[in-house]
Amino acid sequence: MITKPPVIAIDGPSGVGKGTLCKELSKKLQWYALNSGIIYRALAIAALHNQVDISAEEALIPLVSHLINLNFTPHEKEIKVILAGKDISMKIHDQQVSDVASRVALFPRLRQKMLSVQHSFRVFPGLVAEGRDMGTIVFPDACVKIFLDANAKARTHRRMLQLQDNGVSVNFNQLLSQIEERDERDLHRSISPLITTDDALIIDSTNMSIQKVIEIALHYTRIQLAKA
């Protein structure tokens, strides 16, 4: 008997397509969606707006309360993000915001505080959650775990197209360097490093269309849900 809302956890590095997969699975299953990266980006925006020292964990922790009314809705192309009544959808793509989000995510006490925000999205009929530690730390009891991967150049190309769609001009080599730097931080941070679990389905999408990724993930998900 299911006592908790079921969770599908999708993890993987930056630019691998987790957001698209999360959105598509949530639409097909009619479940809620959680993009954990948006939560950290919203915190980064709050820190920048309030001119908080991003190297001071104690100064950042009170900002978590700003996220209580955070909500985002998956749209056909992009996600609409509202923080404190203001639309910050375009700001979340800013490279400075991304960099700050990556850096504040290294603080252990802050991450612990953020867990309650992430857990609040777990409601019936179910949740599709994507990030870097969804299946390991945030929702270790997820009934479906997927680890999405791809090489750095493929991910850089995808992220570049995404940014261009949002009117942001970027240099490929600079973006590649930023993604590789982010990978290094995510893989080697002392708390919640980017790792997979023994019970996760690993999908390498380097040479795979997003449609194929969705097809594989949905098929696997339905099999796992039937077992639950």
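Ile214 counts as buried, with a relative accessibility of 11%, where buried means under 20% relative accessible area, exposed means over 50%, and partly exposed lies in between (1.4 Å probe, protein chains only). The place of Ile214 is in helix α9, and helices (H or I, at least four residues) and strands (E, at least two) are DSSP runs, numbered from the N terminus. This is a predicted model, in which local features need pLDDT of at least 70 and side-chain atom pairs count only at pLDDT 80 or more, while totals for chains, interfaces and linings use all residues. Residues are numbered from 1 along each chain as its sequence is written, and side-chain values use heavy atoms, with hydrogens and water left out.

- Leaving aside residues up to four places away in sequence, Ile214 touches Leu21, Glu24 and Lys28, where contact means heavy atoms within 4.5 Å.
- The C-alpha atom of Ile214 is separated by 35 Å from that of Ala47, a residue 167 places apart from Ile214 along the chain.
- Asp133 lies in the loop between β6 (127-131) and α6, and at 4% relative accessibility Asp133 counts as buried.
- With residues up to four places away in sequence not counted, Asp133 touches Asp11, Arg111, Val138 and Ser192.

**Helix α5**

- Helix α5 covers residues 108-119, and its 12 residues reach 17 Å from the first C-alpha to the last, close to the 16 Å expected at 1.5 Å a residue; the expected span is 1.5 Å times one less than the number of residues.
- The buried residues of α5 are Leu110, Arg111, Met114, Leu115, Val117 and Gln118.
- Seen down the axis of α5, these buried residues fall within an arc of 165 degrees, so they line one face of the helix; the arc is that of the directions from the helix axis to the C-beta atoms.
- An α-helix has 3.6 residues a turn, so residues three or four places apart point the same way.
- The partners against which the buried residues of α5 pack are β2 (32-35), α2 (36-49), α3 (57-60), α4 (95-104) and α6 (134-138).

**Cysteines**

- The count of disulfides comes to 0, a disulfide being a pair of cysteine sulfur atoms within 2.5 Å.
- The sulfur of Cys22 is 14 Å from the closest cysteine sulfur, which belongs to Cys143, and this is too far for a bond.
- Cys22 counts as buried at 4% relative accessibility, whereas Cys143 counts as partly exposed at 27%.

**Pocket and cavities**

- The largest pocket has a volume of about 1,200 Å³; on a 1 Å grid over the protein atoms alone, a pocket is an open set of points with protein on both sides within 12 Å along at least five of seven lines, a cavity is a set of points where a 1.4 Å probe fits but cannot get out, and lining residues have an atom within 4 Å of a point.
- Grid points are joined across faces, edges and corners, and a volume is the space filled by probe spheres set on the points.
- The largest pocket is lined by 46 residues, of which Gly17, Gly19, Thr20, Arg159 and Gln162 are the closest to its centre.
- Helix α7 gives the most to the lining of the largest pocket, with 7 residues.
- Across the whole structure, a search finds 2 cavities of 30 Å³ or more, and the largest cavity has a volume of about 50 Å³.
- Among the residues that line the largest cavity are Ala9, Asp11, Lys145 and Phe147, and the largest share of this lining, 3 residues, comes from β7.
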